[in-house]
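Q: Can you walk me through this structure? I'd like the backbone details as well as the packing.

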Amino acid sequence: MITGQHLGIGSTKPIFPDDGLLHLYSMRFCPYAHRVHLVLDAKNIPHHTININLREKPDWFVNNVSTTGKVPVLELPTESGTPTLVESLIICDYLDEKYPQRPLYSRDPLRRAQDRILIQRFSQFIDDIYKLLLPNSPTELGTTDLYAGLDIYEKELNLRETAYFGGEAPGMLDYMIWPWCERFPALKYELGFEIVLDPKRFGNLLRWRDLMLDDTPVKKSYLDGETHAKYMRSRRAGETEYDML
């Protein structure tokens with residue numbers, strides 16, 4: 001089941017078939033929910049997707065599903081009491097441990113810890129890209145060094161000497177940072193000029209980007225930069241077009 005339309009105020013909670021599948025409460029343009037979709041698809045985990053209007057949240061969602069009022073939320077219908085999990089990193093770690101097919105983290109404890117550190121450090125790039133896509137003031141546009149947050153990942157790929165951070169196939173680190181890399185081309189439509197990564201400075205990351213674009217889970221949920229920019233414009237205008245697709 002996938003609810004195409006984002007459910008809002010006045011809607012009723014969907015009635016799910018008694019099939020034991022996971023219930024993912026999402027929003028089509030949310031990069032944090034995007035993380036969970038990538039992991040579910042990478043591990044081929046069947047699930048139901050329910051899209052939520054985050055400006056006009058249904059009462060049943062706020063009162064009975066999400067403790068934070070945010071997405072993503074993963075509902076576990078086969079567990080006692082049908083518990084829910086929130087926060088994208090917690091959900092993705094749970095899925096990787098619960099469903100052992102295609103492990104996304106290394107079995108080596110040190111590499112696993114290093115990947116988690118790099119996932120956390122990516123928040124610098126996330127903050128910087130949102131200053132450009134959703135600036136609080138015009139001055140933020142001139143004070144954001146978008147490249148600084150990427151240098152560490154270029155160096156890390158060089159040290160690992162692998163196509164992906166996860167090795168010869170995408171792993172958890174690859175999928176956790178991808179949603180914002182996918183949104184990077186939206187800056188061209190928002191700023192009126194294209195921000196290009198220097199191939200001499202970011203050669204490894206550019207090759208990684210091209211490989212990720214050909215990854216099956218990435219292709220399944222991929223949206224181009226112009227579409228992401230259109231959504232961001234509607235959000236800035238206070239008229240978020242959740243169902244624009």
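A: Over residues 20-103 the chain is 35% helix and 20% strand, with its end C-alpha atoms 22 Å apart. Helices (H or I, at least four residues) and strands (E, at least two) are DSSP runs, numbered from the N terminus. The model is predicted: local features need pLDDT of at least 70, side-chain atom pairs count only at pLDDT 80 or more, and totals for chains, interfaces and linings use all residues. Residues are numbered from 1 along each chain as its sequence is written, and side-chain values use heavy atoms, with hydrogens and water left out.

Q: Which peptide bond is cis?
A: The one from Val71 to Pro72, with omega near 5°. Pro72 sits in the loop between α2 (59-64) and β4.

Q: What about phi of Glu87?
A: Phi of Glu87 is near 75°, which is positive in a residue other than glycine. Most residues other than glycine have a negative phi. Glu87 lies in the loop between β5 and α3.

Q: And Glu161, buried or exposed?
A: Glu161 is exposed, at 69% relative accessible area, whereas Glu87 is partly exposed at 44%. The cut-offs are under 20% for buried, over 50% for exposed and partly exposed in between, with a 1.4 Å probe and protein chains only.

Q: Switching to α3: which of its residues are buried?
A: Ser88, Ile91, Cys92, Asp93, Leu95 and Asp96. They pack against several elements, including β2 (22-26), α1 (31-42) and α8; contact means heavy atoms within 4.5 Å.
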